[in-house]
Amino acid sequence: MYRLTAGHRASLVTATVLTLAGSTLGLAQPMVAKHVVDASGTGRSSWPLLALLGGLFVAEAATGAVGRLVLERMGEGVVRQLRHSLVGRLLRLEMREYDRHRGGDLISRVTADTTLLREVVAQALVDLVTGALVAAGAVVLMLWLDPLLLLLVALTVAAAAVVVASLLAGIRAASERMQNSVGAIAADLERALGALPMVRVHRAEAREAARIGERVEEAYEAGVRTAKLASVMSPAVELAVQGSFLIVLVVGGLRVNGNAGSLGDLVAFLLYASFLVLPLSSVFRAVGLIQRGMGAHQRIQRALALPAEPTGPATGPTGPESTAGPRATGPGPAAAGEVPALALRDVRFGYHPDRPVLRGVSLTVPHRGQTALVGRSGTGKSTIFALVARFYEPDSGTLLFDGRPAAELTRGQCRARIAVVDQNTHVVHGTLRDNITYAVPEATDAEVRWAVELARLEGVVRRLPGGLSGMLGERGATLSAGERQRVALARALLARPSLLLLDEPTSHLDAINESALTAVMRDAARECAVLVIAHRLSTVQHADRIVVLDHGRATACGRHEELLATSSVYRALAAGQMLRPSPAAPVPRAERPAR
């Protein structure tokens, strides 16, 4: 709890001082009440003392309210800081961690786990601080009034403390199991909702509901286990409260009857007993709540401990990172003739150590023109894109951008040079303009219109209510697969990268739009390097160079006609598609707006 309050210590000290002041005012009340009782027994006027007692009560309430507000605000600040840290961490994890953890479970750590922790910090911490301070002051004054009665009360409270302590480990473990189950519910529900059309078509609603229902049952059982332990703890605390009062009444009454103490002393002690036992009972409950919250806190800490992408270069010096962000461009024509935009030298990589995907790939992509990667499924084409985007690092070999090893550049510097259109098209909830300008939020209207025209999105703009301001829905639900792909293409073109990566760009396009996209790729290739993956060779048969991948190796490189004559792998791919070379029909080129 102390570590959680880092950065909020000033608020904690302020709240502690206010709480201490309020406790002092509260602890003074039994002494005033004692004098009121003693004064009434001697016939003296007690009105001044009663007025003082009322003033102390009001002052204690006001001071306590302000102190509690400061503590609860501090609790909210702690949770806000945790959520910011979690969001920042989860967005920057190494890509391998997303392969190992389910997205819904990670999301639940930001939502469900921090919500539980908010209750701990905002409520339990308040009870812990105020209860401990009040109890400490009460003990001192009770010791001064009657040490024997204090000893009896302490024995009763200690018995309850032993019971509570024996339950804390079980409460913590059960709470963590419950939070894990809640995370699994979120992950399974995200799995079903993310593939809802498939679920509906295969009539799998009942099966998915049963799968998620199992997680619900696990959360229920863990919650019941926590409730059972808490139900044992609550009576122990209540017995400590009631037992203490009974002991004080019986033993104290006997001592007053035997003239071993005054009635005023007994009244004061009873009031102090309430100041001791009731705050301690809230402390016991707070400790139980903290144990439940610590299960959530452990899950949060494990998420924060997951490895994130390094922000600096792996080796060697690097220049200052470009401030142009995704609009950074490649070198000029002179430099373009010296080194390629991208080069892979004997690159080897595998997602698992014993399953290599790339087995020594070497290739180059010049600054202008279109380079295509072709090959059977599973030969490592998309893996090369993942390495170029620095989602993963090669196991061996070198990746170079403009002649500089990627290890000498930050990931931000590498990604500022590229734009990607992958086969799993990403369209986020928001307007069409938001999606097109995602990489360049400050793009002008002219630049957006240029990208829309180049990606052949004019029909979508006209059809959507609101045009560019029209909402696309979750995952672009209002668009067809081909339209989503063209939105992603417009987003990539607007970024004006020095290297454009296209992964199966025509997989969702009809023949007319495929022909249009082929023209777009030719236009883009005049201004930047284009590296495209395609299973449909008709998309890339007019590429400037085609690299053939087979079993994780680049086995051939050349133009379409050359490869038909020299590469058996390419020849088999072309024969399977009955491909015949044919000139592409010219398509009017969109005029690029001035910079």
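Six bridges connect strand β1, residues 342-349, with β2, and the two strands run antiparallel. One of the residue pairs can be named: R348 has R359 of β2 as its bridge partner. The model shown here is a predicted one.

β1 and β2 belong to an open sheet of four strands. Its order is β2-β1-β4-β5, and the pairing is antiparallel. The edges are held by β2 (358-365) and β5 (404-405), each of which pairs on one side only.

## The six-stranded sheet

Another open sheet has six strands. They are ordered β6-β7-β8-β3-β9-β10, and their pairing is mixed. At the edges stand β6 (418-421) and β10 (553-558). Each has a single partner strand, so one side of each has no neighbour in the sheet. From one strand to the next, the twist averages 20°.

Strand β3 covers residues 369-374 and strand β8 covers residues 529-533; five bridges join them, and they run parallel. G369 has its bridge partner in β8, namely A529.

## Helices across the strands

Helix α10 (residues 381-388) lies across β3, β6, β7 (499-503), β8 and β9 (545-550). It runs at about 145° to β7. Helix α15 (residues 481-494) lies across β6 and β7. Its angle to β6 is about 175°.

V32 is part of helix α1, which spans residues 9-42. Its relative accessible area is 9%, so V32 is buried, the cut-off being under 20%. Setting aside neighbours within four places in sequence, V32 is in contact with L49, L52, L53 and L56. V32 also pairs a sequence gap with a spatial distance: A268 is 236 residues away in sequence, yet the C-alpha atoms of the two are 8.6 Å apart.

R411 lies in helix α11, residues 411-415. This arginine counts as buried because its relative accessibility is 10%. Not counting residues up to four places away in sequence, R411 touches E309, P310, R390 and E393.

## A nonpolar patch on the surface

Which residues form a nonpolar patch on the surface? They are L148, L151 and L155. Together they have about 280 Å² of accessible area.

L155 is found in helix α5, which covers residues 147-194. Is L155 buried or exposed? L155 counts as exposed, because its relative accessibility is 53% and the cut-off for exposed is over 50%.

Conventions. Residues numbered from 1 in each chain as written. Predicted model: local features only at pLDDT ≥ 70, side-chain atom pairs only at ≥ 80, totals over all residues. Heavy atoms only, no water. Pairing = 2+ DSSP bridges. Buried < 20%, exposed > 50% of the residue type's maximum accessible area, 1.4 Å probe, protein only. Contact = heavy atoms within 4.5 Å. Patch = residues over 30% accessible without salt bridge, like charges linked within 9 Å, V, L, I, M, F, W, Y side chains within 5 Å. Areas by Shrake-Rupley, 256 points an atom, 1.4 Å probe, with all protein chains shown as cover. Salt bridge = Lys/Arg side-chain N within 4 Å of Asp/Glu carboxyl O. Axes fitted to C-alpha atoms, helices over the stretch in contact; angles between N-to-C directions.
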